[in-house]
Amino acid sequence: MPDSPPASPAPAPPPSDASRERIIAAATTLFADHGYDGTSTRRIAAEAGLNMATVAYHVGGKPDLYREVMLRAHLAEQRVLTDALAAFRELAPTDPAAAVTGLVDHYLDFCLDQPHIPALWMRRWLSDAAEFADLEAAYARPLIESVTDTVREAVPSVKSAEPADVEMTVWTVLWSTHGFCRSGIRAQVPRFRAHLRSLVLRDLGLGAPQPRDQERG
C-alpha cells in the first residue's frame, strides 16, 4: 500500500503583535460606528476574526481596549497639532491671517483623513462610554488650551482678546469640523473650508481670506 502523502502543516497563528493590532483596528471601527455602549467584546472578536479568549489575552477587557483606542486617537491628534502649531508660530508674526487659515486647514485635513477620530469624540458627546469621564480632561482639554494659548501669544491683534473668547473659537472649529466630517454634506469640502476660514478670521478680527485661499479642496 503506497504511503499517504504527508499532511499539510497547520497554518501558523498570527504573530502576537499582529493579532493585537487586528483587535484594536476592529474595535476602533466598531466604537466609532456604534459607540462603546453599542459594541460587545464578542462583536469585536468576530470583526477581528479571533476568539474572545485571544482578545482578552492581547488587550484585556473591553474597558482596556476602549482606553487604548482613545489613547491612540489622542496621540494622533496631538502629533498633527504639534506640527501645525509649529508652522503657525513661524508664519504668524508676518502673516497672521495665513497662519490662522493654515492651522484650520491642518485640522480639517486631519479629520477628513482620520474620520474615526471625530466619530469617537462625537459618540462621547452623546454620553457614550460615560464611565470614562476622565478622558476629556486628560486628552481634549490640554489640546484646546495649547491651541488657545498659542494663538493668543502669536497673533498681536488677538492678545487683547479675552481668553474665553479665543477658546470658544477653538472649540467652535472642533465642533464644526467633527460635525461636518460625519454629516451628509461631507463631499462639499471646499465650501466648508471657506466657511470655516471666514468664521475663524472674523472671530479673531483678522478679516477675510484671500480668494486664492478658497480654491483649495
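The entries below go from the overall fold to single residues.

**Ground rules**

I am working with a predicted model, where local features need pLDDT of at least 70, side-chain atom pairs count only at pLDDT 80 or more, and totals for chains, interfaces and linings use all residues. I number residues from 1 along each chain as its sequence is written, and side-chain values use heavy atoms, with hydrogens and water left out.

**Overall fold**

I looked up the secondary structure and found nine helices and zero strands in the protein chain. Here helices (H or I, at least four residues) and strands (E, at least two) are DSSP runs, numbered from the N terminus. Next I checked burial: 42% of the 217 residues of the protein chain count as buried. My cut-offs are under 20% relative accessible area for buried, over 50% for exposed and partly exposed in between, with a 1.4 Å probe and protein chains only. I also looked at contacts, meaning heavy atoms within 4.5 Å. Of the contacts in the protein chain with a separation of 6 or more, 67% are between residues 24 or more positions apart.

**The nonpolar core**

Which residues touch the most other members of the largest nonpolar core? I found Ile23, Phe31, Leu65, Tyr66, Phe88, Val151 and Leu204, in a core of 66 residues. A core here is a set of buried Ala, Val, Leu, Ile, Met, Phe, Trp, Tyr and Cys residues joined through side-chain atoms within 4.5 Å. Helix 4 gives the largest share of this core, eleven residues. In general, nonpolar side chains tend to be buried together in soluble globular proteins.

Not counting residues up to four places away in sequence, Phe88 touches Ala99, Val100, Leu103, Thr150, Val151, Ala154 and Val155.

**Aromatic pairs**

I counted eight aromatic pairs in the structure. Rings of Phe, Tyr and Trp (its six-membered ring) pair if their centres lie within 6.5 Å; planes under 30 degrees apart are stacked, over 60 edge-to-face, and the rest tilted.

One of the pairs is Phe31 with Tyr66, edge-to-face at 5.3 Å centre to centre and 80° between the planes. Phe31 sits in helix 1 (residues 16–34) and Tyr66 in helix 4 (residues 62–91), so this pair ties together parts that are 35 residues apart in sequence. Phe31 is buried at a relative accessible area of 1%, and Tyr66 is buried at 1% relative accessibility.

Another is Tyr107 with Phe110, whose ring centres are 6.2 Å apart with planes at 40°, so I logged the pair as tilted. Both lie in helix 5 (residues 96–113), three residues apart, about one turn of the helix. Tyr107 is buried at 7%, and Phe110 is buried at 9%.

Ring pairs also link Phe31, Tyr36, Tyr66 and Phe132 into a cluster. The charged end of Lys62 sits over the ring of Tyr36, 4.1 Å from its centre; the test is NZ of Lys or CZ of Arg within 6 Å of the ring centre and within 35 degrees of the ring normal.

**The loop between helix 6 and helix 7**

I checked backbone angles here. Most residues other than glycine have a negative phi. Ser127 has a positive phi near 70° and lies in the loop between helix 6 (116–125) and helix 7 (134–154). Ala129, in the loop between helix 6 and helix 7, has a positive phi of about 50°.

Are these two buried or exposed? Ser127 is exposed at 53% relative accessibility, whereas Ala129 is buried at 0%.

**Helix 7**

I found a kink of about 35° at Ala140, shortly before Pro142. The bend at a residue is the angle between axes fitted to the seven residues ending there and the seven starting there. Among the buried residues of helix 7 are Leu135, Tyr139, Ala140 and Val151.

**Two more contacts**

Ala48 lies in helix 2 (residues 41–48) and is buried at 8%. Leaving aside neighbours within four places in sequence, Ala48 is in contact with Arg22, Ile23 and Ala26.

Thr169 is in helix 8 (residues 163–181) and is buried at 6%. Not counting residues up to four places away in sequence, Thr169 touches Val200, Asp203 and Leu204.
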